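Open the model in your viewer and keep the selection panel at hand. The tour goes from one selection to the next.

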Amino acid sequence: MHAVGYSASLPIENDASLMDIDLPRLNPVDTKVRVRAQPAPGDWKVLGWDAAGTIEAIGPDATLFKPGDKVFYAGALGRPGTNAEFHLVDERIVGHKPASLSWSEAAAIPLTSITAWEALFDRLDIRKPVPGAANAILIVGGAGGVGSIATQLVRQLTDLTVITTASRPETQAWSRALGAHHVVDHARPLASEVEALGLGAPAFVFSTTNTGSHLAEIAKLIAPQGRLALIDDPATPDVSVLKQKSVSLHWEFMFTRSMFGTADIAEQGRLLNEVAKLLDAGTLRTTVGENFGTIDAANLRRAHALLESGRAKGKIVLEGFRR
């Protein structure tokens with residue numbers, strides 16, 4: 001089958017960083033994995049975690065789907081990724097594809113929606129107020145893939161005031177179009193940016209990017225007893241700045257359930273089915289920022305380069321293979 005993979009961790013500018021390959025037919029974050037995960041000598045590693053497609057075959061114990069069903073999912077780190085024609089996936093983390101979306105529009109959704117949903121409702125528990133805090137959430141990185149879906153989930157499913165961050169006119173406009181009540185500039189000190197809104201100290205902060213750079217400002221602006229969630233990997237975060245306000249810190253990693261086979265692993269399939277209903281009802285919209293065409297090494301290198309530049313908005317998608 002056609003696939004795109006790599007045999008050595010190289011800078012994305014190197015043509016060998018991602019290559020078109022042929023693999024036997026199989027019986028998913030990308031930029032971080034490509035840099036950090038070196039395949040064994042002679043092996044290929046296939047990246048890609050989001051996917052939308054059709055069930056080709058099922059295992060003997062599968063009960064939730066049948067061949068021909070249209071599905072979407074975010075895969076698991078322990079299995080080969082979705083930059084290939086066929087992939088094997090645990091049915092418990094799979095949802096029925098939203099009928100109203102194209103394949104590429106649907107493929108933009110799973111990883112970011114699971115990440116945002118778990119961070120907002122499981123980790124931060126945003127439906128539980130913080131006494132005395134402003135009924136508001138700050139989403140750092142509002143125009144990114146996770147920030148884009150998080151903004152919609154908060155705006156559509158809660159009564160919280162949504163504050164996002166973006167530093168360029170096009171990303172600020174994107175974030176407002178997705179439902180942000182206020183957009184502040186993360187290139188400036190966040191505490192004074194949020195204070196100038198006159199809302200008071202937000203109960204919640206969801207940091208999706210550059211948390212290490214913003215942590216001191218977050219500690220200043222968040223309400224006492226507030227809750228902070230993050231998804232990135234700050235090198236040496238000084239979490240002591242959160243102590244005086246008794247701020248709780250929550251890390252979200254959407255692969256935890258599949259990686260450890262948790263007792264509630266099927267929550268991810270249920271969550272995706274709920275997201276699909278919201279998309280088909282028009283409550284949520286897809287977060288595709290750009291479509292880079294067919295799945296091949298050249299297009300994937302372009303996509304990785306844009307992601308690594310920090311200038312992408314929404315999700316970058318690719319679709320199908322050249323024959």
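This is a predicted model. Begin with Tyr-73, which stands opposite Val-94 in β6. Now widen the selection to strand β5, residues 70-73: three bridges join β5 to β6, and the two strands run antiparallel.

The three strands form an open sheet in the order β4-β5-β6, with antiparallel pairing. Its edge strands are β4 (51-54) and β6 (94-96), each pairing on one side only. From one strand to the next, the twist averages 30°.

Next, select residues 267-280. This is helix α9, which lies across β5 and β6 and runs at about 25° to β6.

How do the two helices cross? Their axes come within 10 Å and cross at roughly 105°. An angle of 65 to 115 degrees counts as roughly perpendicular, so α3 is roughly perpendicular to α9.

Show side chains where these helices meet. On α3, pick Pro-110, Ser-113, Ile-114, Trp-117 and Glu-118; on α9, the residues they meet are Gln-268, Arg-270, Leu-271, Leu-272, Glu-274, Val-275 and Leu-278. Coloured by class, this contact has seven nonpolar, two polar and three charged residues.

Last, move to helix α7, residues 211-221. Which residues of α7 are buried? They are Thr-211, His-214, Leu-215, Glu-217, Ile-218, Ala-219 and Leu-221. To see what the buried residues of α7 pack against, select β7 (134-140), α6 (190-195), β10 (202-207) and β11 (227-230).

Note on methods: Residues numbered from 1 in each chain as written. Predicted model: local features only at pLDDT ≥ 70, side-chain atom pairs only at ≥ 80, totals over all residues. Heavy atoms only, no water. Buried < 20%, exposed > 50% of the residue type's maximum accessible area, 1.4 Å probe, protein only. Helix = DSSP H or I, 4+ residues; strand = E, 2+ residues; numbered from the N terminus. Contact = heavy atoms within 4.5 Å. Pairing = 2+ DSSP bridges. Axes fitted to C-alpha atoms, helices over the stretch in contact; angles between N-to-C directions. Parallel < 35°, antiparallel > 145°, perpendicular 65-115°, else oblique. Nonpolar A, V, L, I, M, F, W, Y, C, P; charged D, E, K, R; others polar.
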